[in-house]
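Trainee: I would like to learn how to read a model like this one. Please take me through the features one at a time.

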Amino acid sequence: MNSIKEKQDEIIEEFSSFDDWMDRYQLLIDMGSEQAPLEDEYKTESNLIEGCQSRVWLQADLVDGKVFYRAESDALIVKGIVSLLLRVYSGHTPQEILESEPYFVEAIGLREHLSPTRSNGLVAMIKQMKLYALAFKTKMDK
């Protein structure tokens, strides 16, 4: 399995082939559309991420020492952003997730092309993913 860094570098590579932001938005929407939907049983209040303009649900499970995330959003572009975060962080150990910074967000110009509320939502999603990783790490360390 590729490292978190390798996954981020792949995303940067994919987005660098588009100069126009409309094409990048389309790529994001396509990625979101390809993502498997989250089962209804996980679309609960406790899985809703605070601070997002649109609704985003995030489910995290620890399997064999690795965190697997699943998520869903009711907004197309946000669903695309979520799919990128899942791709980067899912399937890694809590320690790897906690030690990595999502530098691809800046590198592909995502943060500067999002509205302030979407940008805040992105920060909230990353924060929630790291909180899950921290909780799992704490449980494993006991």
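Trainee: How many residues does helix 3 have, and what does helix 3 reach from its first C-alpha to its last?

Mentor: The expected span of a helix is 1.5 Å times one less than its number of residues. Helix 3 has 14 residues and reaches 20 Å from first to last C-alpha, close to the 20 Å expected at 1.5 Å a residue. Helices (H or I, at least four residues) and strands (E, at least two) are DSSP runs, numbered from the N terminus.

Trainee: What should I know about the origin of the model before going on?

Mentor: The model is predicted, so local features need pLDDT of at least 70 and side-chain atom pairs count only at pLDDT 80 or more, while totals for chains, interfaces and linings use all residues. Residues are numbered from 1 along each chain as its sequence is written, and side-chain values use heavy atoms, with hydrogens and water left out.

Trainee: What is the average pLDDT of the protein?

Mentor: pLDDT is the predictor's confidence in each residue, from 0 to 100. The protein averages 94, and 100% of the residues score at least 70. Confidence is lowest in helix 6 (residues 116-141), with a mean of 93, and highest in helix 4 (residues 94-99), at 98.

Trainee: Back to helix 3. Which residues of helix 3 are buried?

Mentor: Buried means under 20% relative accessible area, exposed over 50%, and partly exposed in between (1.4 Å probe, protein chains only). In helix 3 the buried residues are Ile77, Val78, Lys79, Gly80, Ile81, Val82, Ser83, Leu84, Leu85, Leu86, Val88 and Tyr89. Because 12 of its 14 residues are buried, helix 3 is largely enclosed by the rest of the structure. Take Ser83, which is in helix 3: its relative accessible area is 11%, so Ser83 counts as buried.

Trainee: What is Ser83 in contact with, leaving aside its neighbours within four places in sequence?

Mentor: Contact means heavy atoms within 4.5 Å. On that basis Ser83 is in contact with Met31, Gly32 and Gln35.

Trainee: At what angle do helix 1 and helix 3 pack?

Mentor: Two packed helices are described by the angle between their axes and the distance between the axes. Axes are lines fitted to C-alpha atoms, for helices over the stretch in contact, and angles run from 0 to 180 degrees between N-to-C directions. Helix 1 (residues 4-16) and helix 3 (residues 76-89) pack at about 145 degrees, with their axes 8 Å apart. Helix 1 contributes Ile4, Lys7, Gln8, Glu10, Ile11, Glu14 and Phe15 to the contact, and helix 3 contributes Leu84, Arg87, Val88 and Tyr89. These residues divide into six nonpolar, one polar and four charged. Ala, Val, Leu, Ile, Met, Phe, Trp, Tyr, Cys and Pro count as nonpolar, Asp, Glu, Lys and Arg as charged, and the others, Gly among them, as polar.

Trainee: Do strand 1 and strand 2 run parallel or antiparallel?

Mentor: Two strands pair if DSSP finds at least two bridges between them. Strand 1 (residues 56-63) and strand 2 (residues 66-73) run antiparallel and are joined by eight bridges. Val56 has Ser73 as its bridge partner, and Asp61 has Phe68.

Trainee: What is found in the turn of this hairpin?

Mentor: Two residues lie between the strands, and Asp64 in the turn has a positive phi of about 50 degrees, although Asp64 is not a glycine. With a relative accessible area of 79%, Asp64 is exposed. Lys66 belongs to strand 2 and is partly exposed, at 34%. Not counting residues up to four places away in sequence, Lys66 touches Asp61, Gly91, His92 and Thr93. Gly91 follows helix 3 and has a positive phi, near 90 degrees.

Trainee: Which residues does Met1 touch, not counting those up to four places away in sequence?

Mentor: Met1 touches Lys7, Ser90, Gly91 and His92. Met1 lies in the segment before helix 1 and is exposed, at 71%. The C-alpha atoms of Met1 and His92 are 91 residues apart along the chain and separated by 9.1 Å.

Trainee: What covers the buried residues of helix 6?

Mentor: The cover includes strand 1, strand 2, helix 3, helix 4 and helix 5 (104-107). Among the buried residues of helix 6 are Leu122, Met125, Ile126, Met129 and Phe136. Helix 6 has 26 residues and reaches 37 Å from its first C-alpha to its last, close to the 38 Å expected.
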